[in-house]
Amino acid sequence: MPLLGCIADDFTGATDLANTLVKGGMTAVQVIGVPTGPLPEADAIIVALKSRTSPAREAVAESLAACEALLAAGAKQIFFKYCSTFDSTEAGNIGPVADALVQRLGCGFAIANPAFPTNGRTVFQGHLFVGDKLLNESGMENHPLTPMKDANLVRVLGRQTGGTVKLIPFAVVEQGVTILRHTMTGLKESGWRYAIVDAVTDAHLLAIGEAVADHALVTGGSGVAMGLPANFRAKGLLPDRGEAAAALPPMAGPAAVLAGSCSRATMGQIGYARDHAHTLELDVLATPDAAALQAEALAWAEGKLGDAPIVIAASAPPEKVAALQRKLGREAAGALVEDTLAGIAAALVARGVTRLVVAGGETSGAVVSRLGVTALRIGPEIDPGVPWTYAESGSAGGAEHPGLHLALKSGNFGARDFFLKAFGV
Ligand SMILES: Nc1ncnc2c1ncn2[C@@H]1O[C@H](COP(=O)(O)OP(=O)(O)O)[C@@H](O)[C@H]1O
Ligand SMILES: O=C(O)[C@@H](O)C(=O)COP(=O)(O)O
């Protein structure tokens, strides 16, 4: 029976959250899509949806279905995971999904906290910073699907929800768990639906995590989940599992990286790979045709597969992304690139690739879905927020595989040498 039931709005976000929970000593399994059968055994189940950019009604329906499955399995607390850069549009989906979960759980109130200080995301006076930049000056204002043009999260969430949003400021958070707990209870009793909670350090997140021990619903990034394993341990529900929580089968076999993220960190990682690995950069604008791009990539990969990773990227700078979007429309442009990379992934697995890094949340959703993977066990962390995961043997995109190691890298996570470091190169 899972202790914590999680609903993540994209696949990299799900592994990021799972990674935090595993580091806190919980076993975690990431389930792909709304579960239809019995859930695997784990302390935390993370249902990975691709709902960040889908129409709000679909995102709500899928999230509620996931919530039902987690509650039916016995989950004691529900966590709604979204991006540490609060990726969303004016229409949602953070507000609509959170509203639906608050209503389903009958809890009236939930915190909203995307902070992840280790990766430079902090919230101060309700404003989200990425490093020393406000969110809307961090590059996220150019995101292909969810451009973030306002750093004031009280305002951003306020536009997406039918409820009300209040700030719990730094000065309150600094006072620690007891004051935080009272403040949250007070807000709930006064009819506020959400509190954006400031957090600048891990110590703040641990205090917030402890203060929400008895909340039916917690919403946020993976950072605020840091404090949750200790709550279950304090209640005598979680044994000390130590490093065993992150054990995966040994890794071997041909390696590849597929990048569909246009975020700054990924663009830097592609730049590094250019000098250190076989790297192909697809020009989607010149050839906006999935079949042709796949044929180009597979012909290029011929004879290059081995222990050192090959890197195939569709990523492009903002002006090229904008040009493709003008030509095809925003959604169709994203879908074309996702379809291209998903097809390449399936073909590479059919050619024996068993270790795969995918850069980008939407991209990971497309790739993992095409591979037909249904569950990922979470293993050791490569860089903050990005663990190796393992999918049991099965058939991926029509080809049998002996088990796949996958690392789903959030667009903006990872050091510059991530694509090689992940494989120990
Ligand atoms: N060259 C390109 N032109 C237009 N869109 C692109 C291009 N390369 C990637 N994309 C799209 O940009 C989106 C990036 O989103 P995602 O994979 O979630 O990355 P991130 O993790 O950085 O948010 C995807 O839908 C992807 O298909
Ligand atoms: O919280 C985060 O930043 C990540 O877990 C996440 O959700 C990233 O999404 P993508 O940038 O779309 O990969």
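Reader: What makes the lining of the largest pocket divide into nonpolar, polar and charged residues?
Author: The lining of the largest pocket has 18 nonpolar, 19 polar and 13 charged residues; Ala, Val, Leu, Ile, Met, Phe, Trp, Tyr, Cys and Pro count as nonpolar, Asp, Glu, Lys and Arg as charged, and the others, Gly among them, as polar. This is a predicted model, where local features need pLDDT of at least 70, side-chain atom pairs count only at pLDDT 80 or more, and totals for chains, interfaces and linings use all residues. Residues are numbered from 1 along each chain as its sequence is written, and side-chain values use heavy atoms, without hydrogens and water.

Reader: Which residues lie nearest the centre of the largest pocket?
Author: Pro144, Gly260, Ser261, Cys262 and Thr363 do, out of 50 lining residues. A pocket is an open set of points on a 1 Å grid over the protein atoms alone, where a 1.4 Å probe fits, with protein on both sides within 12 Å along at least five of seven lines; lining residues have an atom within 4 Å of a point.

Reader: Which helix gives the largest share of that lining?
Author: H12, with five residues; helices are DSSP runs (H or I, at least four residues), numbered from the N terminus.

Reader: Why is the second largest pocket said to lie between domain 1 (4-243) and domain 2 (248-421)?
Author: Both domains give residues to its lining, so the second largest pocket lies between them; the bounds come from an automatic or database domain assignment. Among its 23 lining residues, Gly139, Asn142, His143, Cys262 and Pro318 are closest to the centre.

Notes:
Chains are lettered from A and ligands numbered from 1 in the order in which they are written. Helices (H or I, at least four residues) and strands (E, at least two) are DSSP runs, numbered from the N terminus.
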